[in-house]
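This briefing concerns the structure shown below.

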Amino acid sequence: MDLLQEDDEAAKYIQNISIPSALIDKKFGEQLKKAVKDGEMVNVNLDWREAVPHPDNRVEYELWTNSNDECGPKCDMLMHFLKEFKGAAQLLEKGGYSQFTPHYITWYCPQAFVVSKQCKSQCINHGRYCAPDPEQDFSTGYDGKDVVVENLRQLCVFNVANEIKKPWIWWDYVTDFHIRCPMKEKKYNKKCAETVIKSLGLEVKKIDKCMGDPNDDSDHPLLKMEQDSQIGKGSRGDVTILPTLVVNNRQYRGKLGRKAVLKAICAGFEETTEPNVCLSDDMETNECLSDNGGCWQDKAANVTACRDTFRGRVCECPTFNGVQFKGDGYSNCEPAGPGKCLINHGGCWHETRNGKTFSACQESGDQNCKCPAGFRGDGVKKCHDIDECKERKACQCPECSCRDTWGGYDCTCSGDLLYIKEHDTCISKTTVQAKAAWAAVWGILVALVIVAAGSYVVYKYRIRSYMDSEIRAIMAQYMPLDSQGEVPNDSHEDHP
């Protein structure tokens with residue numbers, strides 16, 4: 001855990017503590033001491049992961065940090081963490097698994113000391129936003145206000161990157177700035193910062209506009225929000241020390257290392273929604289590897305209901321090759337719906353002999369397993385081949401000779417006869433050929449009748465149409481029709 005005050009002597013020990021830790025109140029501590037003293041068995045389980053809320057499939061986390069790189073072991077540890085964690089942070093952000101927000105602690109100068117040399121060197125905006133002197137010496141090196149300005153620039157980099165929907169660029173900027181613009185090399189300035197900004201494809205003008213004038217005697221909207229955010233809300237306490245990590249609105253207390261922080265973030269996902277980065281071998285133990293997690297499995301089809309999660313495992317009937325399994329996930333899971341017979345024949349009886357397979361699985365219908373024709377049984381464990389010949393279910397004509405086969409039967413007829421399975425009878429080949437010939441003749445005759453009838457209809461229609469037109473033409477010569485005008489009379493005969 002971190003300390004509330006600076007202690008260089010203790011810092012070198014604290015940063016090496018990697019075991020989980022917890023805080024308890026005095027009353028509970030006295031109860032533990034009393035139980036031990038009385039000889040009772042005391043068993044305490046620490047599970048810090050459940051202290052992190054995990055309501056949904058996205059984790060919101062924030063890091064309270066500082067751009068100062070001359071504050072000793074703590075600054076070195078913070079910068080090392082930023083470089084080490086950058087890859088995982090960008091992976092989570094690009095995949096939409098997390099929402100990260102950087103924050104910077106600022107102090108203010110009391111009104112009575114605004115015009116003092118100390119406030120002017122450590123603060124901007126007339127004493128409203130301040131930071132300690134990096135070297136703790138006002139006469140040399142950089143001033144606290146230089147740190148406040150760079151903190152503000154990094155906030156603006158995040159805002160501009162967020163506008164173009166690439167908030168992960170912040171991680172590139174802070175790590176590149178630390179490498180290219182360190183205080184030790186006297187490059188901690190605006191010129192070096194703009195070189196880094198341009199290399200990341202961001203617009204310098206937008207960032208300058210966001211920063212405004214540090215000499216204004218007014219509140220800066222971003223820095224004012226940072227000061228307001230430092231005050232604890234809900235279950236999150238006040239932010240008073242650097243660095244501070246907050247996961248799902250709960251302050252993280254633990255080692256500031258890549259693996260430890262990533263575990264804390266992974267604990268913030270709702271179970272079964274965590275990304276693959278949380279399920280790697282170096283992050284957690286796959287509980288499905290031991291006895292399949294106590295869940296249902298079908299070894300023959302290589303299907304399991306065990307699903308590994310960051311906090312343990314869940315037993316859920318899976319979807320395998322497009323087929324949904326249904327059940328409690330612990331003792332049984334059965335394929336359901338279309339395609340279920342493709343998965344181990346839906347758990348039904350099946351058997352293959354001589355390249356021929358019979359299955360009791362039914363793709364549709366109320367019955368899941370039903371023995372096919374030629375078999376009898378429960379359809380799940382066993383289907384017995386029935387003897388159709390012995391049970392007189394087929395091949396019962398006088399001329400028939402029946403021979404039972406696996407899953408069916410063969411029926412032959414004596415002499416020159418053929419067996420008709422649909423009618424369970426034997427007929428002569430001559431009869432079959434004659435019937436086939438007569439069937440062909442009748443087919444030809446029917447076709448001829450249809451063609452003749454069609455031709456007659458067409459003929460009648462054309463004759464009728466022709467006669468109608470001739471009659472209209474003849475009648476039009478003696479009396480006008482409604483659709484015609486008067487027919488002119490070309491006769492010039494005189495009538496007395």
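Which helices each supply at least two residues of the lining of the largest cavity? They are helix H3 (73–94) and helix H6 (169–180). The model is predicted, and its chain of 496 residues has 36% of them counted as buried. The secondary structure comprises 11 helices and 21 strands.

**Overall chain**

- The accessible surface of the chain is about 31,100 Å², and carbon and sulfur atoms hold 53% of that area.
- Among contacts in the chain with a separation of 6 or more, 51% are between residues 24 or more positions apart.

**The largest cavity**

- Helix H6 provides the largest share of the lining, namely three residues.

**Aromatic pairs and cluster**

- The whole structure contains 12 aromatic pairs.
- One of these is formed by Trp170 and Trp171, with 5.1 Å centre to centre and 90° between the planes, an edge-to-face arrangement.
- Trp170 and Trp171 are both buried.
- Another pair joins Trp349 and Phe375; the ring centres are 5.2 Å apart and the planes meet at 50°, so this pair is tilted.
- That pair links distant parts of the chain, the two residues being 26 residues apart: Trp349 lies in the loop between strand E13 (333–336) and strand E14 (350–353), and Phe375 lies in strand E16 (residues 375–377).
- Trp349 and Phe375 are likewise both buried.
- One aromatic cluster is made up of Tyr61, Phe81, Phe85, Phe100, Trp170 and Trp171.

**Backbone geometry**

- Most residues other than glycine have a negative phi, and most peptide bonds are trans.
- The peptide bond from Leu242 to Pro243 is cis, and its omega is near -10°.
- Pro243 is placed in the loop between helix H9 (221–229) and strand E5 (244–247).
- His126, a residue other than glycine, has a positive phi near 55°.
- His126 belongs to the loop between strand E3 (123–124) and strand E4 (129–130), and it is partly exposed because its relative accessible area is 44%, which falls between the 20% and 50% limits.
- Lys165 is not a glycine either, yet its phi is positive at about 60°.
- Lys165 occupies the loop between helix H5 (144–163) and H6; with a relative accessible area of 67%, Lys165 counts as exposed, the cut-off being over 50%.

- Glu194 is found in helix H7 (residues 190–199).
- Is Glu194 buried or exposed? Glu194 is buried, because its relative accessible area is 19% and the limit for burial is under 20%.
- Beyond its neighbours within four places in sequence, Glu194 is in contact with Val204 and Asp208.
- Gly201 sits in the loop between H7 and helix H8 (204–211), and Gly201 is exposed, with a relative accessible area of 60%.
- Gly201 and Ala161 are separated by 40 residues in sequence, while their C-alpha atoms are 9.7 Å apart in space.

**Cys333 in strand E13**

- Cys333 is located in strand E13.
- Cys333 has a relative accessible area of 6% and is therefore buried.
- Which residues does Cys333 touch, not counting residues up to four places away in sequence? They are Trp296, Ala305, Cys317, Phe325, Lys326 and Gly327.
- Cys333 and Asp298 are 35 residues apart in sequence, and the C-alpha to C-alpha distance between them is 8.9 Å.

Notes:
Residues are numbered from 1 along each chain as its sequence is written. This is a predicted model: local features need pLDDT of at least 70, side-chain atom pairs count only at pLDDT 80 or more; totals for chains, interfaces and linings use all residues. Side-chain values use heavy atoms; hydrogens and water are left out. Helices (H or I, at least four residues) and strands (E, at least two) are DSSP runs, numbered from the N terminus. Buried means under 20% relative accessible area, exposed over 50%, partly exposed in between (1.4 Å probe, protein chains only). Contact means heavy atoms within 4.5 Å. Accessible areas come from the Shrake-Rupley method with a 1.4 Å probe; for residues, only the protein chains shown count as cover. Rings of Phe, Tyr and Trp (its six-membered ring) pair if their centres lie within 6.5 Å; planes under 30 degrees apart count as stacked, over 60 as edge-to-face and the rest as tilted.
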